[in-house]
Amino acid sequence: MKQAFTKPIKDYLKCLAKYKEVKTTDPLFLSLSSSYRGKKYNRISLRQLNTIIKQRLNFIGIYDKRITPHNLRHTAITLALQAGAPILQVQAMARHKNIAT
């Protein structure tokens, strides 16, 4: 992937590493707000993700309830394909087992 896409993620992971050991199997985005099931860091919930996205959209003046994390995910995948990203890389990014989906 291009550095413009990977650098922010690498920077985020470096920052996250200050708080915990980061493994490649760990979730990318964590909820630091509370512990759950004895774990200090947990996957961000869908509800938290929706809230964060709505807050960010509202901050930039977009008030459209039809914009969801799922829609944004599909948009990112479509844009990656249109930009010429290899299909297998996009498939991996989408975490789809079947290349047709």
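Let me begin with helix α2, which runs over residues 46–59, has 14 residues and reaches 20 Å from its first C-alpha to its last, close to the 20 Å expected at 1.5 Å a residue; that expected span is 1.5 Å times one less than the number of residues, and helices here are DSSP runs of H or I with at least four residues, numbered from the N terminus.

Please keep in mind that this is a predicted model, in which local features need pLDDT of at least 70 and side-chain atom pairs count only at pLDDT 80 or more, while totals for chains, interfaces and linings use all residues. Residues are numbered from 1 along each chain as its sequence is written, and side-chain values use heavy atoms, with hydrogens and water left out.

Just after α2, glycine 61 takes a positive phi of about 90 degrees.

Threonine 51 also lies in helix α2, and because its relative accessibility is 39%, threonine 51 counts as partly exposed, a class that falls between buried, under 20% relative accessible area, and exposed, over 50%, with a 1.4 Å probe and protein chains only. From threonine 51 to threonine 68 there are 17 residues in sequence and 9.9 Å in space, C-alpha to C-alpha.

Turning to the other helix I want to mention, isoleucine 9 is found in α1, residues 3–16, and isoleucine 9 is partly exposed, with a relative accessible area of 39%.

Technical notes: Helices (H or I, at least four residues) and strands (E, at least two) are DSSP runs, numbered from the N terminus.
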